[in-house]
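Subject: The structure I promised you

Hi,

Have it open on your screen while you read.

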Number of protein chains: 2
Amino acid sequence: MASDFLDSLKAELGSDVAFGSDIPARFHTDWSGMTSVVPLALVRPRTTTQVSQTLKLCNQYKIPVTPQGGLTGLAGGARPIEGGVALSLDRMNAIEEIDTVMATMTVQAGVPLGAAQKAAEHAGLFLGLDLGARDSCVIGGNLATNAGGNRVIRFGMAREHVLGLEVVLPDGTIVTSLNKMLKNNAGYDLKHMFIGSEGTLGIITRAVLRLQAKPADLASAFCGCPDFPSMLELLKSARQRLGSALTSFEVMWPSFYDFMTGNLPHLRRAFTHPHGIYVLIEAAGRDADDNRTSLEELLGEALEAGTVSDAILPSSEREAQSLWAVRESVSEYGKLMGPMTAFDVGVPTSAAGELVDEIEAAVQHRWPDAIGLSYGHIGDSNLHFVCNIPSAGQQQPHKEITELVFNFVAARGGTISAEHGIGLLKKPYLTLSRTPEELALMVTIKRALDPNGIMNPGKVFDCPPL
Amino acid sequence: MASDFLDSLKAELGSDVAFGSDIPARFHTDWSGMTSVVPLALVRPRTTTQVSQTLKLCNQYKIPVTPQGGLTGLAGGARPIEGGVALSLDRMNAIEEIDTVMATMTVQAGVPLGAAQKAAEHAGLFLGLDLGARDSCVIGGNLATNAGGNRVIRFGMAREHVLGLEVVLPDGTIVTSLNKMLKNNAGYDLKHMFIGSEGTLGIITRAVLRLQAKPADLASAFCGCPDFPSMLELLKSARQRLGSALTSFEVMWPSFYDFMTGNLPHLRRAFTHPHGIYVLIEAAGRDADDNRTSLEELLGEALEAGTVSDAILPSSEREAQSLWAVRESVSEYGKLMGPMTAFDVGVPTSAAGELVDEIEAAVQHRWPDAIGLSYGHIGDSNLHFVCNIPSAGQQQPHKEITELVFNFVAARGGTISAEHGIGLLKKPYLTLSRTPEELALMVTIKRALDPNGIMNPGKVFDCPPL
């Protein structure tokens, strides 16, 4: 049976399939830090038809399929399965069209996000999706996981950039729905079912993305606020004053800010005095002077009201970059901290202050030598917390830390994943964020679309056979 | 059997159910102009639990259920079925919460859109969804049909305003998913399946809506352009220069503009000379002077480039209103034209000019006395065309006109409905806009969620029993 399957796969896919030890190691896992798995076969199709052929065969033989994009996921969603097929979209990497009148871009799933951004800018437009892994991650993975990133407060999650999709269903059916129009109410909007489903319902092969006008000017400000409630007042004023011009509102707790500026020699503290909490604001405007004036007025008022204790409006691009450097140093804490447990929880904004306080206190109480850093996209209700217990060395108590953090999040009505997704790592905790009725409905959808359960099985939730 | 059902319904719903001739006439049809139908029963629940009880009973007895909101739909989606139950959400009309920190609003499905808008403004915020029927339509209907309207170019369709939903499934299961967070990637995003499905998968009972900052200043301009291609150049410049400040770009062809200004005495022509096509632009800004300056610069350049032949920047609110009055006179063409066939098609923007030309010419050729008016939300690729054949009197050739228009739309890769939905009226033509694979997937979803086919059967597409 298995050898029949392999023979058929080879016959259909030819040199675009590899087996066992011929499969390069980079396809064995993703950025989640989970152990490697060597799948039965790796298929790297060049066309949607080849994706369809592969799924049809796998469905017939009931062989699990794990779709792979740039493999930058942090939740293990793209880790292959022993005895299964890994299907990488990396060779489907053409930018098929940029339509400057409709302000759309049609891409194959394997196009790196960074390449799509550059192509849009080259055409005088702008792709509003951005994340740190931009040069490694690909559009198909961004959509399958509904990626978040740096500009969500203004442009929304990955989902909001999608106008049309082409998807291959588990039985091999190609559903081409490459809509370009902003408005289309002719029947069900099918794309949303696949976006954010982490490859468990089908494989995204092409997408039509919505592009934006290029922002003419971006201006930043850095603020020290006395405490969390005053920072919330600042957020409200920033929303009111800047409206859609507010493109970032990034918050750093002292735990994060002090650790980073204290340990990375290239970072410097912007203020002479410490503050209760730090905020980076970014505003987009049509005109550099107007944009700066708006920020000045916002900060002037906030300083007077006492919601901001000190503020910096950088006078050069270089100064602005040095302020952002602290926030962007997140890619380096791995080197500083060693093995860690990382979170991307979401919580109603007003509860985020107390949540951070109780998590930091509880972690410190349980592991007195713990290093825990808190920061987040507070404008989007998204909080990051990373934690290392130096005394635990390589044997970090991941499970215990995770349970501690997630229980606090659940008690405050939050979500265990705001942006990274559930994958394998967070699957045991999904019930903390979703009700039994919601989970039952997910199972209903999964079974309807994938009755044989071949699509990325074991990810997000378990779907027991009927 | 039927009497068992009615007895049970009465026992469970008491005075919140009415039968046969006791059902007020306004629940017999919607604004589609379709003939009235008296359903078996009308249920007007006050709570989600009552909605659940009703659906559970209907599912048990396999009685069709037609959900009803404000009954302002134009496609017949809320027209009840003989022998079925009409379920009106009109008594579930509480605004449950406005959260000014999260900028969200939690409402029951029966809240009128206008009331939600007012409540948001009262709280210092702004609901970005707006349409002509604002005081009659309700949020539940807006979401079930994914309504469009006046501000789509800036704030998106109804779908984009939704953060969380409570839905009752056909078997009575209540799925409460009242998420308030902008980012939540914990499992499938279930709400999108129900939004825009026209009540065929479940009944929306509550929603969490995303609110916006109140725009500080709104400025308008009215332009006459030589022709369609020059108007497209103007759209591109407006997008580039105004970016997210561009809140409207409404186009009127001479067929519409001349008919309206010629027949409605309170409207006056803004220009002394006729132009090839007319555009209303609206921009939102933080500052009135800056906003006006941006528009002036845009128009100055366009006049110089020849993409605009003449332009008006109103100097008072009253003058601005008189310019918008022509566009907003759409509610009056019914009185001027008598019975008509109306369209809300979508087509890639660059094809809209040729599409209007070919439709207007073909209609005139087939019915020489035809009155056909073209206008649209061109920024959103959405085109309206309304048509009356005076010589046909009350017996308008709806079917023939519809087929003529839809065939042109399909040939250009457009959609037969950009905003009004499919309902009953456009069901026969859905295959023009969606592929067999897409339609098959819709059937798969429908059957999975509503195996007995009780939810708004016969609407959007036919779902034959298994």
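Let's start with a question: is Arg206(B) buried or exposed? Arg206(B) is buried, with a relative accessible area of 19%. For that word, buried means under 20% relative accessible area, exposed means over 50%, and partly exposed is in between (1.4 Å probe, protein chains only).

Before going on, some ground rules. This is a predicted model, where local features need pLDDT of at least 70 and side-chain atom pairs count only at pLDDT 80 or more, while totals for chains, interfaces and linings use all residues. Residues are numbered from 1 along each chain as its sequence is written, chains are lettered from A and ligands numbered from 1 in the order in which they are written, and side-chain values use heavy atoms, with hydrogens and water left out.

**The two chains**

Chain B can be laid on chain A by a rotation of 180° with 0.0 Å of shift along the axis, giving an RMSD of 0.0 Å. The two copies are thus related as by a two-fold rotation axis. (That superposition is by least squares on the C-alpha atoms of residues with pLDDT of at least 70 in both copies.)

How many residues does each chain bring to the contact? Chain B gives 89 residues and chain A gives 89 residues, where contact means heavy atoms within 4.5 Å. Of the interface residues of chain B, 100% are also interface residues in chain A, so the copies meet through the same surface. About 6,500 Å² is buried between the chains, and carbon and sulfur atoms give 58% of that. Buried area here is the accessible area (1.4 Å probe) that two parts lose on being put together, summed over both.

**Salt bridges**

A salt bridge is a side-chain nitrogen of Lys or Arg within 4 Å of a carboxyl oxygen of Asp or Glu. Arg210(B) and Glu160(A) form a salt bridge at 3.9 Å, N to O.

Back to Arg206(B): its side chain meets that of Glu96(B) in a salt bridge of 2.8 Å, N to O. The partners are 110 residues apart, with Glu96(B) in strand β5 (residues 95–99) and Arg206(B) in strand β10 (residues 203–210) of chain B. Helices (H or I, at least four residues) and strands (E, at least two) are DSSP runs, numbered from the N terminus. Glu96(B) is partly exposed, at 35% relative accessible area.

In chain A, Asp344(A) and Lys426(A) form a salt bridge at 2.9 Å, N to O. Asp344(A) is in strand β16 (residues 341–346), and Lys426(A) is 82 residues away in the loop between α13 and α14. Both of these residues are buried. Elsewhere, salt bridges link Asp16(A), Arg46(A) and Arg91(A) in a network.

One more from chain B: Arg434(B) pairs with Glu438(B) at 3.0 Å, N to O. Arg434(B) is buried at 9% relative accessible area, and Glu438(B) is buried at 4%.

**Aromatic rings**

Rings of Phe, Tyr and Trp (its six-membered ring) pair if their centres lie within 6.5 Å; planes under 30 degrees apart count as stacked, over 60 as edge-to-face and the rest as tilted. There are 26 aromatic pairs over all chains. Phe406(B) and Tyr429(B) make an edge-to-face pair, 5.2 Å centre to centre with 70° between the planes. Phe406(B) is buried at 1% relative accessible area, and Tyr429(B) is buried at 11%. In chain A, ring pairs join Phe222(A), Tyr257(A), Phe271(A) and Tyr278(A) into a cluster.

**A helix and a strand residue**

Helix α7 of chain A (residues 228–242) has 15 residues, and its end C-alpha atoms are 21 Å apart, which agrees with the 21 Å it should span at 1.5 Å a residue. (The expected span is 1.5 Å times one less than the number of residues.) Its buried residues include Phe228(A), Met231(A), Leu235(A) and Leu242(A). Among the elements covering the buried residues of α7(A) are β12 and α9 of chain A, together with β11 of chain B. Gly243(A) follows α7(A) and has a positive phi, near 55°.

Finally, Ile203(A) lies in strand β10 of chain A and is buried, at 2% relative accessibility. Leaving aside neighbours within four places in sequence, Ile203(A) has contacts including Val51(A), Leu87(A), Val167(A) and Met455(A).

Cheers
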